[in-house]
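Open your viewer and get the selection tool ready. We will stop at a few places and look at what is there.

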Amino acid sequence: MKDPFGRTIDYLRVSVTDRCNEKCLYCMPEGYKGWAQREDHLTSDEIVNTVAVATEIGFRKIRVTGGEPLIRKDIVEILERIWALPGVQTLGISTNATRLSLLAPALKQAGVRSVNVSLDALSPELYRHITGGDLRVVLDGLEAARRQNFEIIKLNCVLMRGINESEYLPLIRYAAGRQMPLRFIELMPLSRTDVLNEFNFLSVQELMRRLSQSGELTPLVDYRPGNGPARYYEFFSPELPKPARLGFIGALTTPHFCETCNKLRLTADGKLRPCLGRIGEIDLLASLRAGGDPADALHAAIANKPEDHEFLQNYQPNRPMTAIGG
Ligand code: SAM
Ligand code: SF4
């Protein structure tokens, strides 16, 4: 399926909950209370039926996210049922890894191919400051995932000037030693939290300039694991055990960033979101519960995909990232 700007849309990001057991500074506003009511969350049947219809109209890549998807009790069943759908080519999950020690084998068994893990710091104190969580649990979760031989495990780090700048080299060393791609994500104004200000913003261009001073960055033009928006480079410096694969997601500073956008988001409360950086949403839940065909809402969302995001035009988030689905 093509959107009005000729982009093929075949990637559905499905949020299964707006709740989370961490509270990252950039994602979850302090004291946030805007949770969707339980009855407004899509049920497992509604999620699977929507994904089934999506695959019938051409979606091929599915990533399950949240909030934290692994706190949903029926998550393994949802993943199994999605993987059993004939049109699904790849199934991924985005997680903070806090429950991976427990769930990695079940996820593998359910059909998950690709795991994205948020990891913003390797200093336990800083990790706790940013997420409120326990780094040890997360690193144990990552090791449990590595033992399952998923096709790919990627690390995601949101860069913040003055907060986790000290961490990018330790993270690169960690990722290189384990041959895991590591993606640096520019802070996006997706919530109303204290860190989302210009001082904390650190562009991926600036990071790349810094890395080029201490090592060699070589573009990997054809490398696009997981179909996301990152541009990949190989980074080598004498301090590293092996070259690192680094992805840079610069939604705010990369020219033509939206030209390769291939996705729609489905929020946990059943709204189709054509663009992360624009407020517009289409109410799939209401239509579904009134007996409507999810294909109509999916087609409408594709037809409503804007050419680009509005982050730089005084965009005001109507709800935080945890509720939109990362
Ligand atoms: N809980 C899971 C996790 O942390 O990976 C999945 C959901 S989380 C919302 C998905 C991704 O969104 C994470 O990699 C997170 O770092 C990113 N994210 C959240 N808020 C962000 C923001 N304001 N700017 C940039 N990335 C953000
Ligand atoms: Fe939770 Fe992920 Fe948001 Fe952190 S980024 S608060 S782990 S949903």
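Select F184, Y233 and F248 to begin: together they form one aromatic cluster. Rings of Phe, Tyr and Trp (its six-membered ring) pair if their centres lie within 6.5 Å, with planes under 30 degrees apart called stacked, over 60 edge-to-face and the rest tilted. This is a predicted model, in which local features need pLDDT of at least 70 and side-chain atom pairs pLDDT 80 or more, while totals for chains, interfaces and linings use all residues. Side-chain values use heavy atoms, without hydrogens and water.

Across the whole structure there are four aromatic pairs. In the one between Y233 and F248, the ring centres are 5.7 Å apart and the planes stand at 80 degrees, so it is edge-to-face. Y233 belongs to strand β8 (residues 231-236) and F248 to strand β9 (residues 244-249), so the contact ties together parts 15 residues apart in sequence. Helices (H or I, at least four residues) and strands (E, at least two) are DSSP runs, numbered from the N terminus. F248 has a relative accessible area of 3%.

Next, pick strand β4 (residues 114-118): four of its five residues are buried, so the rest of the structure largely encloses β4. Buried means under 20% relative accessible area (1.4 Å probe, protein chains only). On the β5 side (residues 152-159), β4 pairs in the parallel sense over five bridges, and S114 faces I152. Strands pair if DSSP finds at least two bridges between them.

How values were computed
Residues are numbered from 1 along each chain as its sequence is written. Chains are lettered from A and ligands numbered from 1 in the order in which they are written. Buried means under 20% relative accessible area, exposed over 50%, partly exposed in between (1.4 Å probe, protein chains only).
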